[in-house]
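User: I would like to go through the aromatic contacts of this protein. Could you take a look with me?
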Amino acid sequence: MAQRTEQDEARRTPLSRERVLRAAVAHADRAGIDALSMRGLAQELGVVPMALYKHVANKEQLLDGMVEFIVGEIDGDNGDNAGGDWRAAVRSRILTTRRALLRHPWASRVIESRSAPTPGVLGYLDAVIGLFRAGGLSADLAHHAMHALGSRVWGFSQELFPAPPGGGGAPSPAEAAALAAAFPHIAEVVAARPHDRGSVVGPGCDDQFEFEFALDLLLDGVERLHRAGWSST
């Protein structure tokens, strides 16, 4: 009964853009982004679909707003003034962003799907570039560093060995032996380190470790080029 009262109270709350976006994000977190529709969202909010269009013109604008909502969750001040250490500041900003996106597994896909960056996305990218520039990196090096980081600037990466549909299963001993005989170097590196069963990187690589490993390699390389006074020209 108490839960019913809370739901009724929420439905009586005046509709606003923020309330629409918050409900859409919660719906996508719960059911996945593919399950989100304007009609279903309206039903959840206890309004007719036309009421939503006063706040978001269409599904694409809803998705843009959801991206802005997620970007707003990122703590932009976390680590930005890491003792004047641009590398630590960039690393902290990216890992903070990763934590935000991990709370919303659908968000990276939606960010990539936008035909044009939203103001929040542009503001985030501008802030990351600003950390490079504040650290004394040239605009030229900052430009190439952003390209090298790619999707990692948002805290996710496109993996070399994506997980198969449905998660797949571990090969049988006979299959593993046949694969090792055909592709010995792949088998060697796969066996070189224990794996995390919950990973999406491959059959079990530790997602967080692999992400930070790659991020640190890139930032170390950028730092080396900066110290050497590198220029693309």
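User: How many aromatic pairs does a search of the whole structure find?
Analyst: The search finds three aromatic pairs. Please note that this is a predicted model.

User: What is the arrangement of the rings of Trp 86 and Phe 132?
Analyst: That pair is tilted, because the planes of Trp 86 and Phe 132 meet at 50°, which falls between the limits of 30 degrees for stacked and 60 for edge-to-face. The ring centres are 5.6 Å apart.

User: Where in the chain do the two residues lie?
Analyst: Trp 86 belongs to helix H6 (residues 86–102) and Phe 132 to helix H8 (residues 119–134). The pair links distant parts of the chain, as the two are 46 residues apart.

User: Is Trp 86 buried or exposed? And Phe 132, buried or exposed?
Analyst: Trp 86 is buried, because its relative accessibility is 8% and the cut-off is under 20%. Phe 132 is likewise buried, at 0%.

User: What about Phe 209 and Phe 213?
Analyst: Those two form a stacked pair, with 6.2 Å from centre to centre and 15° between the planes. Both residues lie in helix H12 (residues 207–227), four residues apart, which is about one turn of the helix.

User: What are the relative accessible areas of Phe 209 and Phe 213?
Analyst: Phe 209 has 39% and is partly exposed. Phe 213 has 47% and is also partly exposed.

User: Changing topic: which ring does the charged end of Arg 98 sit over?
Analyst: The charged end of Arg 98 sits over the ring of Phe 211, at 4.5 Å from the ring centre.

How values were computed
Residues are numbered from 1 along each chain as its sequence is written. This is a predicted model: local features need pLDDT of at least 70, side-chain atom pairs count only at pLDDT 80 or more; totals for chains, interfaces and linings use all residues. Side-chain values use heavy atoms; hydrogens and water are left out. Rings of Phe, Tyr and Trp (its six-membered ring) pair if their centres lie within 6.5 Å; planes under 30 degrees apart count as stacked, over 60 as edge-to-face and the rest as tilted. Buried means under 20% relative accessible area, exposed over 50%, partly exposed in between (1.4 Å probe, protein chains only). A charge sits over a ring if NZ of Lys or CZ of Arg is within 6 Å of the ring centre and within 35 degrees of the ring normal.
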